[in-house]
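Here's a quick briefing on one model, covering a helix pair, a strand residue and some charged pairs. Have a look at the structure first.

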Amino acid sequence: MQAAVLVVNPFASRVSEEKLAAVEVALRRVVDLTVVRTERAMHASELVSDACRGGSEALIVYSGDGGYNEALNGLHADVPIGFLPGGGTSVLPRALGLPLDPVDAAHQLAEAIEQNRTRRITLGRVNGRRFAFSAGIGLDAAAVRRVDELGRRDDGKRPGDLAFALAVVRVIAANRGRLDPSLEVKGVGRAAFAFVANGSPYTYAKRIPLAIAPEAQFELGLDFVAPMHLKRLSLLPRAVALLTGRVRNGPVLYGHDLDVLELVCDRPMPLHADGEDLGDVESATFEAERSAVSVFV
């Protein structure tokens, strides 16, 4: 049996001792499994780096999207990796075709490991930080920050999709329902904010996929969607068009299968990668790291 490491975030929304035990049973059927748990921010990066140095032949991450991001930023060897849905949204494994239930997903990953069934995918980078499926400047990054400021519940879980939707509404309301051009997409034009996608969907609202950049594919370069402005009277139809992936409708900048994308802000603006707040930036360089990793599917 090959050696594998399972990195677990015990505080992720869908992680429980009962589910973890069932996940371990499914995986131990095909690998010699070592289980490690995260204890602090960026700990998953350290644990994945240690596993690679220790000769692990396969990696599995049972966490939410933030944990997947940390793990990929610690993956500096060509070791195949799998992702189990442990967070409230868990965009990455779902976008890769895994079931939302972590135990069902563990059985699928066990079969993939046994059959050496992998998919080679691109990763994005923004200002040096890897991301798996999405990054953005402005609106959604500001909403990510507002949700983070809510903190965790007493059980350690993070707020869910409703909290994020409300945060988006509050960001727009704080700007009196209007978002004007505030950044430059180099070589393309000016926009109010930008979504950058490495795959589709960009995210989920419960079980509903939100495409935003519907042509994005994990095997290609990066896509971006940058609304030039949002106005109060057109807010609802613009929001519907964006969320349903009808990006060609209206005043929107768009790019597909790019290797590099450069954005310069009029003032410092919030930046996120896979839902992780990266602070305020005056500029951002997004790069496609093509064929970066093998993932179990």
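At what angle do the axes of helix α1 and helix α5 cross? Roughly 15°, with the axes of α1 (residues 17-28) and α5 (residues 102-115) coming within 8 Å. Before the details: this is a predicted model, where local features need pLDDT of at least 70 and side-chain atom pairs count only at pLDDT 80 or more, while totals for chains, interfaces and linings use all residues. Residues are numbered from 1 along each chain as its sequence is written, and side-chain values use heavy atoms, with hydrogens and water left out.

**Helix pair**
- That angle makes α1 roughly parallel to α5 (angles under 35 degrees count as roughly parallel).
- Axes here are lines fitted to C-alpha atoms, for helices over the stretch in contact, and angles run from 0 to 180 degrees between N-to-C directions.
- The crossing of α1 past α5 is right-handed, meaning the near helix is turned clockwise from the far one by less than a right angle.
- On the α1 side, the contact (heavy atoms within 4.5 Å) uses K19, A22, V23, A26 and L27, and on the α5 side P102, V103, A106, H107 and A110.
- Sorted by type, the contact residues come out as eight nonpolar, one polar and one charged (Ala, Val, Leu, Ile, Met, Phe, Trp, Tyr, Cys and Pro are nonpolar, Asp, Glu, Lys and Arg charged, and the others, Gly among them, polar).
- Helices (H or I, at least four residues) and strands (E, at least two) are DSSP runs, numbered from the N terminus.

**T122**
- T122 sits in strand β5 (residues 118-126) and is buried, at 0% relative accessible area (buried means under 20%, exposed over 50%, partly exposed in between, with a 1.4 Å probe and protein chains only).
- Leaving out residues up to four places away in sequence, T122 touches N198, F218, E219, L220, A288, E289, R290, S291 and A292.

**Salt bridges**
- There are 19 salt bridges in the structure, each a side-chain nitrogen of Lys or Arg within 4 Å of a carboxyl oxygen of Asp or Glu.
- R130 pairs with E289 at 2.5 Å, N to O, linking strand β6 (residues 129-131) to strand β16 (residues 276-296) across 159 residues. R130 is buried, at 6% relative accessibility.
- D257 pairs with R290, closest N and O atoms 3.0 Å apart, joining strand β14 (residues 252-258) to β16, 33 residues apart. D257 is partly exposed at 29%, and R290 is partly exposed at 34%.

Technical notes:
Parallel < 35°, antiparallel > 145°, perpendicular 65-115°, else oblique.
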